[in-house]
Amino acid sequence: MKWVGKIATFGFLLTIGVLIVSGWLSYRNVHRLSTNAELVVHTHEVLDEIRNILATLAAAESSQRSYLITGEKIYLDPYQTGIKSVQTHVDRVRELTVDNPVQQERITNLQKLVVARLQSLRAGIALRDGEGIEGARAYVSSGKGKREMDSIGALLAEMQATEMKLLQLRIAQL
């Protein structure tokens, strides 16, 4: 009879042990899933901000172009908004990718390209103001703005590709 009690005690302790291990494994898996889900959300934030940079610059460029064609200052409102907000988006990407040295290098290069593009947009407006439609035509005909935007677009595409790879890895880990 004593051995029945010992078996029952052993069975009880084994059951408790299994429950503790099972609970710990469950907690660990839920924590891992939660962390991976947060990383997926984080990656989507980076991708959104990258798209915002391009969209903001494109809107500023479009606004500037409308002004160059018409000479009407009202068309510069989206340009003014764009040049103020693009830096916020660049800074946000820098902040979100602080743990990624490759993206940090790209964001440093992007910063230089964005500053150059904004200076170029201002120069186009100054030419329109100073030389009229012919100054604006010469500015656009130079192709400098297109080259600048192409460079920015290519760099942003590299950044997006990197983030998409991270996203695929993180989703696979869910």
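I began with L13, which counts as exposed because its relative accessibility is 53%; exposed means over 50% relative accessible area, buried under 20%, and partly exposed in between, with a 1.4 Å probe and protein chains only. The model is predicted, so I noted that local features need pLDDT of at least 70 and side-chain atom pairs pLDDT 80 or more, while totals for chains, interfaces and linings use all residues. Residues are numbered from 1 along each chain as its sequence is written, and side-chain values use heavy atoms, without hydrogens and water.

I placed L13 in helix α1, residues 2-70 (helices are DSSP runs of H or I, at least four residues, numbered from the N terminus).

I then looked up the surface patch that F12, L13, I16, L19 and I20 form, a nonpolar one with about 520 Å² of accessible area together. Such a patch joins nonpolar side chains within 5 Å, each with over 30% relative accessible area and no salt bridge. The areas come from the Shrake-Rupley method with a 1.4 Å probe.

I turned to the largest nonpolar core, which has 27 residues; I53, L57, L110 and V114 touch the most other members. A core here is a set of buried Ala, Val, Leu, Ile, Met, Phe, Trp, Tyr and Cys residues joined through side-chain atoms within 4.5 Å. Helices α1, α2 (77-96), α3 (101-141) and α4 (144-172) each supply at least two residues of this core, and α3 gives the largest share, eight residues.

I listed the contacts of L57 (heavy atoms within 4.5 Å): beyond neighbours within four places in sequence, they are V86, V114, L118, M149 and I152.

Conventions
Patch = residues over 30% accessible without salt bridge, like charges linked within 9 Å, V, L, I, M, F, W, Y side chains within 5 Å. Salt bridge = Lys/Arg side-chain N within 4 Å of Asp/Glu carboxyl O.
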